[in-house]
Amino acid sequence: MKQIPNLFTLLNLVCGCLAILFTLQTGQAIVYLQEMGFSSVELPERMALGAFFILAAGVIDFLDGFLARLMKAGSEMGKQLDSLSDVVSFGVAPGLILFQLLRLSFAQETDGLDVSILWLMPAFLIPVAAAWRLARFNIDPAQQVRFKGLPVPAAGITIAAFPLIMHYQTLGLQAIFINKYLLYGSILLLSFLMVSKLPMMALKFSGFAPAANWPKYFLVVIGILAAIFLKWLAIPVVLVVYILLSLFLKNKTA
């Protein structure tokens, strides 16, 4: 019974592997609206399906921690397995999504298909930063109430929203998410936040008392409202709210 949380952790890893697989597969296209009419962009990778597997990994990652606490089955091996799985699901898989989105961005330019791989390699800062963040977490016993740096699943899930916004043409913003400047900016910002030591709120509920958990309830409400009105754009919006709320709580307790 005590291995059940570890089985969920390994399922997280499987979802990450499937996310990588579908990100590299072919057979999809998108259409977006320009000022002079419609323009199509070939999307040769099934990134939307890969993104769904990253989201599934996020749900499973939450469940394995919940089950470990519920069953009192936490272990050092479980901790290491969790980090190794998270590197794949929320580091490598999102990094490949950004790699492919950068390819699409350059493909719109003259001779863009011949772009040097050096322009695409910044995408790999995401798995590098994720590995650094998780290794530091594993050797720091203090990160229970507050994290140091952006949690890796939050960064990976945010990146997974990009191809979903494009695939479902959310609020007509699909062209923005193959803009190389936004992609490079996202890579730098998310990588910095992961390796930083900025205090971030842990999303573990200590009981259900509103007084002790109001920031988490507030975030849940914002998430629900954002999902209703902003659809897939809700994911990056909730990330911004989470970061601002964490910094607010830091200043309040300083």
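Is aspartate 140 buried or exposed, and what is its relative accessibility? In this predicted model, aspartate 140 has a relative accessibility of 15% and therefore counts as buried, the cut-off being under 20%. Its side chain forms a salt bridge with that of lysine 148, at an N to O distance of 3.1 Å. Lysine 148 is partly exposed, with a relative accessibility of 34%.

The structure contains 2 salt bridges. Besides the pair of aspartate 140 and lysine 148, a salt bridge joins the side chains of glutamate 109 and lysine 180, with 2.8 Å from N to O. Glutamate 109 is located in the loop between helix H3 (76-107) and helix H4 (125-138), and lysine 180 belongs to helix H6 (residues 180-195); the pair therefore ties together parts that are 71 residues apart in sequence. Of this pair, glutamate 109 is partly exposed at 35% relative accessibility, whereas lysine 180 is buried at 16%.

The largest nonpolar core comprises 58 residues. Leu98, Leu101, Leu150, Met194 and Tyr242 have the most contacts inside this core. At least two core residues come from each of the following elements: helix H1 (4-23), helix H2 (47-70), H3, H4, helix H5 (152-167), H6, strand S4 (199-201) and helix H8 (234-253). The greatest contribution is that of H3, which supplies 11 residues. When residues up to four places away in sequence are not counted, leucine 98 is in contact with Ala123, Ile126, Ile159, Phe162, Leu183 and Ile187.

Helix H2, one of the elements supplying the core, consists of 24 residues. The span of H2 from its first C-alpha to its last is 35 Å, close to the 34 Å expected at 1.5 Å a residue. Lysine 72, which follows H2, has a positive phi near 50°.

Notes: Residues are numbered from 1 along each chain as its sequence is written. This is a predicted model: local features need pLDDT of at least 70, side-chain atom pairs count only at pLDDT 80 or more; totals for chains, interfaces and linings use all residues. Side-chain values use heavy atoms; hydrogens and water are left out. A salt bridge is a side-chain nitrogen of Lys or Arg within 4 Å of a carboxyl oxygen of Asp or Glu. Helices (H or I, at least four residues) and strands (E, at least two) are DSSP runs, numbered from the N terminus. Buried means under 20% relative accessible area, exposed over 50%, partly exposed in between (1.4 Å probe, protein chains only). A nonpolar core is a set of buried Ala, Val, Leu, Ile, Met, Phe, Trp, Tyr and Cys residues joined through side-chain atoms within 4.5 Å. Contact means heavy atoms within 4.5 Å. The expected span of a helix is 1.5 Å times one less than its number of residues.
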